[in-house]
Amino acid sequence: MTAIRIADRAAARRSIQGLSLGDAFGERWFPLFREPVRAAAEIRSRTLPAEPDWHWTDDTAMALAVLRVLDEHGEIDQDRLAACFALAHDADAGRGYGHGMHVLLPALLPAPGDWRTLAPTLFEGGSLGNGAAMRVAPLGAWFAADLDLVARQARLSAEVTHAHPEGVAGAVAVAVAAALSVRGELGLARLAALTPEGEVRDGLLRAAEVPFDTAPWRAADLLGNGQRIRAADTVPFAVWTAVRHAGDLVEALWATAEGLGDVDTTCAITGGIVGAATGVDRVPAAWLRRREPLGGSWD
Ligand SMILES: [Mg+2]
């Protein structure tokens, strides 16, 4: 197979930087670090988490694996992606992976091609979780010049772990959102039209009806904040805040954090989409020095 020649590596780099910043920032608001009342008060008052090191989690680890495959092959090679996910999990399983990945990824380590039989039997009908959506924004940025290609590559990247149509649709939606962000064309109705039919798309259509003067916590109440860890419960709100604050990564992340819930993942999605356009150049140094480095050429 010939590698696909479209590659906006600079946009993908901006996106992974935004994604990892959102992931590491969002993780700080979990009850493990702050009980919810304190978290909500600090987010409202825009009090930056004082800890010197914000570690990124599985969202970033898996996004880096996606980028590794794109760097090696120029497109998604599913067996190689399964291997890279398994290797990342094996290298550091303590990154906050969900239960399904703790079951699936060790089984893929000796036999990456087994994703074909194992992923569809994960949960009933395959995972419809938000894990394929949380890692895919840089892929959307990479292929931003061709939206059909973005959708096809996002689907391939999702199927390795998330066989359920809603898990796939979440990934397609976030990748296309990142591509539209790079192109300066991000909008909820447009994105919904480019997302496969189902609950994720229905959620995006509902999000398109939520006015931007709505408080983010209220929007999260209406659209879901990832608490159910499903793509359809996660993606619409994360995209809504991305559109609300396109062009301002820091305010986008604060607004997303206001929704709490699966907040590392909602912030990773928002950060990957907004960051694909803005990068992190205007993010205060106090944020950037706290985020754990990515390593390699992505920092
Ligand atoms: Mg995570």
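Predicted model: local features only at pLDDT ≥ 70, side-chain atom pairs only at ≥ 80, totals over all residues.

Me: Where do the axes of H3 and H4 come to, in Å?
Reply: They come within 9 Å.

Me: Is the crossing of H3 and H4 left-handed or right-handed?
Reply: Right-handed.

Me: Which residues in H3 and H4 meet?
Reply: From H3, Ala61, Met62, Ala65, Val66, Arg68, Val69, Glu72 and His73. From H4, Arg80, Leu81, Cys84, Phe85 and Ala88. By class, that contact has nine nonpolar, one polar and three charged residues.

Me: What does Phe85 touch, leaving out residues up to four places away in sequence?
Reply: Met62, Ala65, Leu105, Leu108, Val160 and Thr161.

Me: Now the largest nonpolar core. Which members touch the most others?
Reply: Phe85 again, along with Ala173, Val174, Ala175, Ala177 and Val239. That core has 104 residues. Helix H9 (residues 165-183) gives the most to this core, with 13 residues.

Me: Switching topic. Where does Leu205 lie?
Reply: In helix H11, residues 199-208.

Me: Why is Leu205 classed as partly exposed?
Reply: Because Leu205 has 16 other C-beta atoms within 10 Å. Buried needs 20 or more, and exposed means 12 or fewer.

Me: How many Å apart are Leu205 and Ala268 in space?
Reply: 21 Å, C-alpha to C-alpha. In sequence, Leu205 and Ala268 are 63 residues apart.

Methods:
Residues numbered from 1 in each chain as written. Core = buried A, V, L, I, M, F, W, Y, C linked by C-beta atoms within 7 Å. Helix = DSSP H or I, 4+ residues; strand = E, 2+ residues; numbered from the N terminus. Contact = placed C-beta atoms within 7 Å. Axes fitted to C-alpha atoms, helices over the stretch in contact; angles between N-to-C directions. Left-handed = near helix turned anticlockwise from the far one by under 90°. Nonpolar A, V, L, I, M, F, W, Y, C, P; charged D, E, K, R; others polar.
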